[in-house]
Amino acid sequence: MTEFTPWSALIGGMLLGLSVTMLMLLSGKTAGVSGVLAGIFGANNKDRAWRVAFVIAMAASLLFDPLMGLESAALPDYSLTWLLVGGLAVGIGTQLANGCTSGHGICGIGRLSMRSIIATAVFMLSAALMVWLSGGVYV
């Protein structure tokens, strides 16, 4: 299944919402991926275990794709240099914005945070601009 369907998007969104809600209710933690990753390498080591488990589970979720009839998305063939530059830019951007798209877009908007609503709008407009500037069409 590689084609977008509203049902797959709805189910995926519901699962994301359920997972971040469970993390918030059970531990009081916000599920922003950049914050989770930064916490692994940060000075506060008391909650490193759940952060490492979160990242491992997120990566392991790709193993379930074939079981659910999903195929990996076709990615553009960028060089390793561009991927590293892009990853570095994302890391700097998430630090400047106090969070990443998942933290602001899922958790922040869910809490009606104006800062997260504005950040998510900027993320989305920037992504659309970059796709347009690169000549790509990924719809």
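What percentage of the 139 residues of the chain count as buried, and where does His104 lie?

Modeller: This is a predicted model, in which local features need pLDDT of at least 70 and side-chain atom pairs count only at pLDDT 80 or more, while totals for chains, interfaces and linings use all residues. Residues are numbered from 1 along each chain as its sequence is written, and side-chain values use heavy atoms, with hydrogens and water left out.

Of the 139 residues, 17% count as buried, a term for under 20% relative accessible area, as against over 50% for exposed and in between for partly exposed (1.4 Å probe, protein chains only). The chain has 6 helices and 0 strands, where helices (H or I) are DSSP runs of at least four residues and strands (E) of at least two, numbered from the N terminus.

His104 lies in helix α5, which covers residues 101-110, and it is buried, with a relative accessible area of 2%. Leaving aside residues up to four places away in sequence, His104 touches Ala97, Asn98, Gly99, Ile109, Arg115, Ser116, Ala119, Thr120 and Phe123, a contact being heavy atoms within 4.5 Å. With Ser116, the side chain of His104 also forms a polar contact of 2.8 Å, that is, a pair of N or O atoms within 3.5 Å, of which, within protein, one must be able to donate a hydrogen and the other to accept it, residues adjacent in sequence counting only if both atoms are side-chain atoms.

Leu112, in the loop between α5 and α6 (114-134), is exposed, with a relative accessible area of 71%, and its phi is near 60 degrees, a positive value in a residue other than glycine.
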